[in-house]
Amino acid sequence: MGLHNAPLGKNSEYPDSYSPELLFPVPRDDNRRRIGLSDGRWPWFGEDLWQAWEVSWLRPSGVPAVAWIEFRVPAASPSLIESKSWKLYLNSLNQSVFSTPEQMLEVVERDLSSACGAAVTARLHSVDESGVATGRPEGFILIDDEPVDAVSYDYDASCLSVDGPVVSEKLCSHLLKSNCPVTGQPDWGTLTVEYTGPALSRAGLLKYVVGFRQKQDFHEHCVETVFTDIMTHCQPESLTVCARYTRRGGLDINPWRSTEPGYAPSVRLIRQ
């Protein structure tokens with residue numbers, strides 16, 4: 001299914017009835033081949049953590065319900081789901097009656113799992129729920145003011161290097177920006193890198209992040225590219241890469257890839 005068939009970049013009628021056929025899967029293999037992974041075995045654990053802030057349906061009384069949902073899509077799924085199609089699908093629930101919130105979640109998990117080819121989990125949250133957002137995850141060192149020279153806005157993995165002994169540290173940049181591969185619209189995010197290994201050059205990592213500024217790719221592909229590049233050029237003993245993107249159309253996407261199983265970041269950042 002080619003991206004020219006995706007709803008991105010096109011005028012869309014918002015559905016007024018339940019429409020699971022709107023979900024548009026995008027195979028992951030194409031991007032993984034581009035970054036040198038082609039045997040179906042990936043060097044990471046991970047998932048794509050989606051937060052949907054505009055979820056509504058009808059209760060049996062006809063009175064609407066609203067909530068937000070946290071979705072987790074396994075990185076091992078054959079396909080990701082294109083974000084605009086996900087938004088349109090969620091909007092198709094607006095005039096649909098569900099007997100309980102649990103029934104609605106069951107339907108949504110089934111449809112998303114069918115679209116991406118693996119079990120998607122969903123957790124419902126009340127919009128009345130209190131929560132605290134943070135500027136950056138606790139314990140992470142911000143690299144955005146590192147002194148650099150010869151900044152380039154073109155993707156260049158050769159910027160990555162090591163310049164010290166083995167350390168365990170957590171680095172963070174708010175300067176991640178990439179562009180939608182279909183519409184060219186900017187996607188903004190915070191990148192976190194947690195690793196044990198020879199000390200990364202922080203200036204080199206900052207130049208590398210800035211180099212994504214004109215790169216066109218999906219959120220999930222960007223994170224897998226960062227993970228693969230750091231593993232290739234810096235050879236850490238362990239590595240976790242996460243990008244927390246700002247929301248668009250009521251959705252934010254937060255992919256993470258890690259050498260360690262079970263790592264599932266869930267802190268919400270202030271820009272989200």
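## Basis of the description

The model is predicted, so local features need pLDDT of at least 70 and side-chain atom pairs count only at pLDDT 80 or more, while totals for chains, interfaces and linings use all residues. Residues are numbered from 1 along each chain as its sequence is written, and side-chain values use heavy atoms, with hydrogens and water left out.

## The sheet

Helices (H or I, at least four residues) and strands (E, at least two) are DSSP runs, numbered from the N terminus. Two strands pair if DSSP finds at least two bridges between them. Eight strands form an open sheet with mixed pairing, in the order β5-β3-β2-β10-β9-β8-β7-β6. The edges are β5 (121-125) and β6 (141-142); each has a single partner strand, so one side of each is left without a neighbour in the sheet.

## Strand β2 and its neighbours

Strand β2 (residues 45-58) has 11 of its 14 residues buried, where buried means under 20% relative accessible area, exposed over 50% and partly exposed in between (1.4 Å probe, protein chains only). β2 runs antiparallel to β3 (residues 64-74), with 10 bridges between them; Leu49 stands opposite Arg72 in β3. These two strands form a hairpin with five residues between them, and Gly62 in the turn has a positive phi of about 95°.

β2 is also joined to β10 by eight bridges, again antiparallel. Here Trp50 stands opposite Ile253 in β10.

## Strand β9

All eight residues of strand β9 (residues 238-245) are buried. Both faces are covered, with Ser238, Thr240, Cys242 and Arg244 on one side and Leu239, Val241, Ala243 and Tyr245 on the other. In a regular strand the side chains alternate between the two faces of the sheet.

β9 runs antiparallel to β8 (residues 186-200), to which eight bridges join it; the partner of Leu191 in β9 is Ala243. With β10 (residues 251-258), β9 pairs in the antiparallel sense over three bridges, and Val241 stands opposite Arg257 in β10. β9 and β10 form a hairpin with five residues between them, where Gly249 in the turn has a positive phi of about 60°.

## Arg244

Arg244, in β9, is buried yet has no salt bridge, a salt bridge being a side-chain nitrogen of Lys or Arg within 4 Å of a carboxyl oxygen of Asp or Glu. The nearest side chain of opposite charge is Asp252, 5.1 Å away. Lys and Arg count as positive and Asp and Glu as negative; His and the chain ends are not counted.

The side chains of Arg244 and Gln272 are joined by a polar contact of 3.0 Å. A polar contact is a pair of N or O atoms within 3.5 Å; within protein, one must be able to donate a hydrogen and the other to accept it, and residues adjacent in sequence count only if both atoms are side-chain atoms.

Of the 16 residues of α5, 13 are buried, so the helix is largely enclosed by the rest of the structure. Just after α5, Gln235 takes a positive phi of about 50°.

The largest nonpolar core has 31 residues, and those with the most contacts inside it include Leu191, Ile230 and Val241. Such a core is a set of buried Ala, Val, Leu, Ile, Met, Phe, Trp, Tyr and Cys residues joined through side-chain atoms within 4.5 Å. The largest share of this core, six residues, comes from α5.
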